[in-house]
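Student: I would like to learn how to read a structure like this one. Please take it feature by feature.

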Amino acid sequence: MRASRLLSILLLLQSRGRLTARQLADELEVSVRTIYRDVESLHTAGIPLYGEAGHQGGYQLLDGFRTKLTGLTAQEAEALFLAGMPGPAAELGLGALAAAAELKIEAALPPALRDGARRVREHFLLDAPGWYHDGDQAACLPAVAEAVWNRRVIHVRYRRWAAPCEVERRLEPYGLVLKGGKWYLVARCDGTLRTYRVTQILDLRVLAGETFERPDGFDLAGYWREHVVDFRSRLFTGHAVIRISPEGRERLADLMSSAVVEAVAHTAGVADDQGWITATVPIESLTHAQTEFLKLGAEVEVLEPLELRRKLTETANALAALYPRRT
């Protein structure tokens with residue numbers, strides 16, 4: 001465990017440059033005192049590592065020192081190749097670079113690790129988009145990625161759901177996130193961090209000579225976690241009381257959200273003679289709930305709210321009129 005941590009310290013300093021003991025401790029989830037002992041061990045082992053005191057101080061490797069991948073374990077090498085996603089890399093305009101980097105890493109691995117990594121690539125494939133969605137085809141994605149990388153301010157024309165549907169925004173792009181096959185841009189607009197669907201960007205123009213400073217402490221992964229939690233908390237605006245058949249419950253996991261599936265499991269009452277149960281489930285809106293419950297056809301009955309029941313009744317009557325019974 002300690003040997004792995006020493007190698008991690010070495011690789012962190014090699015990849016990120018100067019880091020304080022506190023930064024290393026936070027990254028490796030250990031105490032600062034442990035970092036002091038580890039640094040002393042690296043000194044003893046002959047690693048050209050020095051530290052500077054003061055506010056701007058920290059530990060740093062001597063210029064020109066590079067370590068090799070000799071500390072990479074078999075499991076780490078296999079996980080590295082399992083994490084490769086050529087599709088998203090190609091969408092960002094980095095397909096050729098990603099392939100070249102993978103070849104170089106593979107060539108640097110010892111034969112035993114190389115064979116294991118190759119077997120992982122041959123036996124496992126990560127396909128992020130869902131069955132009914134092939135991922136985003138965003139023509140401006142490479143331009144957005146370049147602006148993110150070079151910290152260039154961009155002016156976009158953006159399509160949103162609320163009126164006015166088309167707006168113009170001056171954005172400072174902080175990062176890109178791939179979620180369920182869809183690309184999202186995290187950017188600062190008017191002093192506030194916001195999230196934008198990349199496919200909804202209609203036009204993009206890089207503002208000549210305008211750059212921005214990304215805060216040193218900004219954590220893209222941390223921001224996204226908070227964004228997802230906040231999104232889910234605002235997603236469901238109400239509840240519906242439903243009756244659902246045994247067949248409907250079997251199809252539930254394939255057709256409805258996990259929140260609905262869990263609600264049925266936890267709030268369902270005793271089944272009646274036909275096996276139907278009554279449950280209370282969350283809904284996003286009346287219109288969205290109407291569409292979702294129609295997926296289950298006659299295997300679900302909405303009892304409340306009455307407005308949602310009325311909407312489904314109107315739809316059922318319209319379908320009956322569209323498909324009259326033939327004699």
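Student: In what sense do strand S8 (residues 238-244) and S10 pair, and over how many bridges?

Tutor: Strands of a sheet pair through backbone hydrogen bonds, either parallel or antiparallel. Here S8 and S10 pair in the antiparallel sense over four bridges. Two strands count as paired if DSSP finds at least two bridges between them. The names come from DSSP runs numbered from the N terminus: helices are H or I with at least four residues, strands are E with at least two. Across this pairing, arginine 243 stands opposite glutamate 301 in S10.

Student: What should I know about the model itself?

Tutor: This is a predicted model, in which local features need pLDDT of at least 70 and side-chain atom pairs count only at pLDDT 80 or more, while totals for chains, interfaces and linings use all residues. Residues are numbered from 1 along each chain as its sequence is written, and side-chain values use heavy atoms, with hydrogens and water left out.

Student: What is the order of the open sheet of three strands?

Tutor: The order is S9-S8-S10, with antiparallel pairing. Strand S9 (277-283) and strand S10 (300-304) are the edge strands, since each pairs on one side only. From one strand to the next the twist averages 35 degrees.

Student: Which helix lies across S8, S9 and S10?

Tutor: Helix H12 does, running at about 135 degrees to S9. Axes are lines fitted to C-alpha atoms, for helices over the stretch in contact, and angles run from 0 to 180 degrees between N-to-C directions. Contact means heavy atoms within 4.5 Å. H12 covers residues 286-294 and includes threonine 291.

Student: Why does threonine 291 count as partly exposed?

Tutor: Buried means under 20% relative accessible area, exposed over 50%, and partly exposed in between, with a 1.4 Å probe and protein chains only. Threonine 291 is at 46%, so it counts as partly exposed. Threonine 291 and leucine 312 are 21 residues apart in sequence and 9.0 Å apart in space, C-alpha to C-alpha.

Student: What is the order of the open sheet of five strands?

Tutor: That sheet runs S6-S5-S4-S3-S7, with antiparallel pairing. Its edge strands are S6 and strand S7 (201-211), each pairing on one side only. Neighbouring strands are turned by 45 degrees against each other on average, direction ignored. Helix H8 (residues 141-150) packs on the sheet, touching strand S3 (152-159), S4, S5 and S7. The direction of H8 makes about 80 degrees with that of S4.

Student: How many bridges join S5 to S6?

Tutor: Six bridges join these antiparallel strands, and arginine 188 stands opposite leucine 193 in S6.

Student: Why does the span of helix H9 agree with what it should be?

Tutor: The expected span of a helix is 1.5 Å times one less than its number of residues. For the 16 residues of H9 (residues 220-235) that gives 22 Å, and the end C-alpha atoms are 22 Å apart, so the two agree.

Student: Which residues of H9 are buried?

Tutor: They are Gly222, Tyr223, Trp224 and Val228. Their cover includes strand S4 (166-179), strand S5 (182-189) and strand S6 (192-197).

Student: At what angle do the axes of helix H2 (residues 21-28) and helix H3 (residues 32-44) cross?

Tutor: They cross at roughly 105 degrees and come within 8 Å. Angles of 65 to 115 degrees count as roughly perpendicular, under 35 as roughly parallel, over 145 as roughly antiparallel, and the rest as oblique. H2 and H3 are therefore roughly perpendicular to each other.
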